[in-house]
Amino acid sequence: MEKAIAIIGAGIGGLTTAMLLKQKGFEPTVYESAPSIQPVGAGIVMANNAMQVYRKAGIQHTIEQAGNKITVMKITDERLKPISVMELSKYESVYGVYNVAIHRAALQRILAEETGFENIILSKRLLRIEQNENYQLSFEDGTVAHTDVVIGADGIKSVVRKQLFNTGEIRDAQQVCWRGICEMNLSEKYQHEANELWGKGKRFGFVKISDSKVYWYAVANKWLVKENSQSLTELLNEFHPEVLAMINATPQENIFISDITDLKPISTWARDKACLLGDAAHATTPNMGQGACQAIEDAYTIAQLLGGGKEIKDAFASYEKRRIKKAHDIVKRSWSAGKISHIENGALIWLRNIAMKSLPGSANNKLLDKIFDISNLG
């Protein structure tokens with residue numbers, strides 16, 4: 001008898017899991033708390049490891065056409081003078097995919113269409129899970145569903161994690177993040193670059209995500225942000241004029257503000273016929289651009305194991321074993337990167353920048369080799 005699979009959460013991780021399981025012959029149901037699929041965060045970069053999964057799923061070119069190919073990643077000072085440059089052409093040749101910057105809404109629409117809207121049930125906020133012979137899901141609207149398998153893709157504040165695993169400490173990085181999308185003609189030299197500018201306790205990143213749209217984000221140490229007393233352009237007034245132009249070109253209502261947080265690494269992602277993936281299992285700060293990409297690796301691993309005929313419990317146990325080390329390494333590296341990029345002392349900033357400039361290209365390549373390699377996923 002076919003097992004009923006419930007995926008809680010229609011974010012990138014949940015939808016990718018549903019799409020891949022559907023391709024393996026399963027019929028998962030996705031339960032989403034929101035009344036519509038409304039992505040928060042504006043833009044996103046799908047790194048090489050995520051795009052390898054999407055190539056295997058047959059949607060690589062659809063995503064590339066909806067977004068913008070990125071061939072170089074740069075870290076610069078606040079005046080756009082390079083500190084570290086990472087060329088991605090090597091990985092494009094090895095894996096046959098590009099890093100792609102895309103609007104989250106465009107990506108989620110592609111994933112929802114591949115999953116099938118008939119398999120996504122909206123306005124289903126999960127309140128309670130009870131486990132007997134199977135799992136009973138009780139929703140805020142008073143409805144109840146029964147399922148044999150639960151996959152928690154419901155984010156850093158996961159109800160599935162809290163109720164079935166009773167774990168999860170959210171950590172505050174003491175940084176504030178602004179995200180926005182503006183319409184502007186970006187300088188030709190930035191067309192296929194992802195740039196991040198580092199200042200004193202602040203940074204700003206930007207990347208083109210379509211013909212006319214640019215996604216940007218700004219991050220600042222909390223104690224530098226004077227509540228209600230300064231605009232974002234005032235806070236970043238020492239940054240390059242192009243930075244200020246992007247902010248000024250963005251309607252205020254299209255700028256989203258949030259705290260930077262992550263999930264302190266947890267040791268258990270799977271129990272019986274339930275598992276966690278993405279932010280529910282290993283939420284990371286956004287400093288390495290790998291949050292959604294790691295969720296996509298989770299989704300691929302789960303689909304490969306279940307599609308290979310493993311028993312549910314064994315498949316989920318194998319998934320945890322295959323994924324936990326890399327995901328936790330990303331969480332730790334990202335947390336450290338957030339601290340390094342937000343130094344405020346001028347002398348330490350100078351030393352950091354000199355050290356980064358002197359690093360051989362092989363050091364960056366070694367890290368990217370590890371991040372982009374998905375050969376152990378199944």
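1. Strand β19 (residues 274–276) and β12 run parallel and are joined by 3 bridges. Strands here are DSSP E runs of at least two residues, helices are H or I runs of at least four, and both are numbered from the N terminus. Two strands pair if DSSP finds at least two bridges between them.

2. A word on the model before going further. It is predicted, with residues numbered from 1 along each chain as its sequence is written. Local features need pLDDT of at least 70 and side-chain atom pairs 80 or more, while totals for chains, interfaces and linings use all residues; side-chain values use heavy atoms, with hydrogens and water left out.

3. Back to β12 (residues 149–152): strand β1 (residues 5–8) also runs parallel to β12, through 4 bridges, and Ile-8 stands opposite Gly-152. Within β12, Val-149 and Ile-151 point one way, Val-150 and Gly-152 the other, and all are buried. Buried means under 20% relative accessible area, exposed over 50%, and partly exposed in between (1.4 Å probe, protein chains only). In a regular strand, side chains alternate between the two faces of the sheet.

4. Now the aromatics. A whole-structure search gives 7 aromatic pairs. Phe-204 and Trp-216 are stacked, at 5.6 Å centre to centre with 15° between the planes. They sit 12 residues apart, Phe-204 in β15 (residues 202–208) and Trp-216 in β16 (residues 213–221), and both are buried. Rings of Phe, Tyr and Trp (its six-membered ring) pair if their centres lie within 6.5 Å; planes under 30 degrees apart are stacked, over 60 edge-to-face, and the rest tilted. Ring pairs also link these two with Tyr-190 and Phe-206 into a cluster.

5. Tyr-215 and Tyr-217 make a tilted pair, 6.0 Å centre to centre and 40° between the planes. Tyr-215 is buried because its relative accessible area is 8%, whereas Tyr-217, at 21%, counts as partly exposed.

6. Another ring to look at is Trp-335: the charged end of Arg-171 sits over it, 4.5 Å from the ring centre. The cut-offs are NZ of Lys or CZ of Arg within 6 Å of the ring centre and within 35 degrees of the ring normal.

7. Finally, Arg-161 in helix α6 (residues 159–165). Arg-161 is buried, with a relative accessible area of 4%. Leaving out residues up to four places away in sequence, Arg-161 touches several residues, including Asn-166, Leu-263, Leu-276 and Asp-279; contact means heavy atoms within 4.5 Å. Thr-268 is 107 residues from Arg-161 in sequence, with the C-alpha atoms 9.7 Å apart.
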